[in-house]
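Student: I would like a close look at a single residue and its surroundings. Please keep it brisk.

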Amino acid sequence: MSGNIELLNTTLAAARAEDRAALIAYLPAGFPTVDGGIEAVKAVIAGGADVVEVGLPHSDPVLDGPVIQTADDIALRGGVRIADVMRTVREAYEATGVPILVMTYWNPIDRYGVERFTAELAEAGGAGCILPDLPVQESALWREHADKHGLANVFVVAPSSQDARLATITAAGSGFVYAASLMGVTGTRASVGAQAQELVGRTRATTDLPVCVGLGVSNAGQAAEVAGFADGVIVGSAFVKAMLDAPDEAAGLDAVRSLAGELAQGVRKR
């Protein structure tokens with residue numbers, strides 16, 4: 001079975017045709033439970049998310065800030081496994097028809113087996129994978145199997161990336177380019193900053209792929225600001241914090257659905 005890279009491509013193209021940015025939500029699998037995590041993904045989609053990244057919880061998430069680290073710890077203590085990540089992708093995709101990607105560090109895939117991981121992700125209806133710590137020059141094996149199974153290879157660029165490096169990264173990618181708006185770990189910020197706009201401009205000079213900005217967006221105003229220069233707005237920590245701060249799971253689902261609705265309005269006010 002082929003993965004859903006084409007669904008991702010058409011979804012991002014449709015947002016562009018509507019003269020707006022896409023809203024891309026991130027939530028870790030297994031948080032607060034496997035079933036609860038699946039319902040959370042459905043809730044952000046019901047609120048207005050165009051694309052969802054499902055995080056594969058990791059014991060040492062070096063690029064993730066304290067909010068996502070807390071959620072990952074809850075998921076890992078609950079016994080989440082790669083099979084649960086695949087189940088989350090499958091059930092969310094089957095229920096909504098929205099493109100679902102997995103965001104993961106490389107080590108779990110390497111241990112699980114690249115062919116096994118890509119085949120299972122495609123079979124689950126996944127659209128691709130974001131691999132923030134896999135260097136492009138070491139990605140040939142991953143790209144071979146992902147391409148074979150119809151999965152997007154989304155790589156991350158940062159403000160520190162030189163122009164030649166940007167060109168190398170974007171040439172190897174597919175689906176979209178993940179532009180990290182700030183140096184440092186994930187988390188909400190008071191201001192997204194001008195670095196992001198400059199990075200998007202430099203990245204666009206190297207590729208026709210959509211450029212989506214993550215790290216720091218937490219409210220509709222920031223979403224509108226980023227939507228003014230990016231093809232997609234990626235929000236993670238704000239959704240996770242809404243779940244963490246809720247008194248119970250039902251309230252958490254209401255909170256992420258409501259936040260997605262506010263952000264979806266924001267990306268339409270570019």
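Student: In which helix is the place of Val44?

Tutor: This is a predicted model, so a note on the cut-offs comes first: local features need pLDDT of at least 70, side-chain atom pairs count only at pLDDT 80 or more, and totals for chains, interfaces and linings use all residues. Residues are numbered from 1 along each chain as its sequence is written, and side-chain values use heavy atoms, with hydrogens and water left out.

Val44 sits in helix 2, residues 34-47. Helices here are DSSP runs (H or I, at least four residues), numbered from the N terminus. Val44 counts as buried because its relative accessibility is 0%. Buried means under 20% relative accessible area, with a 1.4 Å probe and protein chains only.

Now the neighbours. Leaving out residues up to four places away in sequence, Val44 touches Ala25, Leu27, Ala49, Val52, Phe239, Val256 and Ala260. Contact means heavy atoms within 4.5 Å. Leu253 is 209 residues from Val44 in sequence, yet their C-alpha atoms are 8.2 Å apart.

Next, the core. A nonpolar core is a set of buried Ala, Val, Leu, Ile, Met, Phe, Trp, Tyr and Cys residues joined through side-chain atoms within 4.5 Å. The largest one has 93 residues. Val44 is among those with the most contacts inside it, as are Ile100, Phe117, Trp142, Phe176, Val233 and Phe239. Phe239 also touches Val44. Val233 has its own contacts beyond four places in sequence, including Ala21, Leu23, Val213, Val226 and Val267. In soluble globular proteins, nonpolar side chains tend to be buried together.

Note on methods. Helices (H or I, at least four residues) and strands (E, at least two) are DSSP runs, numbered from the N terminus. Buried means under 20% relative accessible area, exposed over 50%, partly exposed in between (1.4 Å probe, protein chains only).
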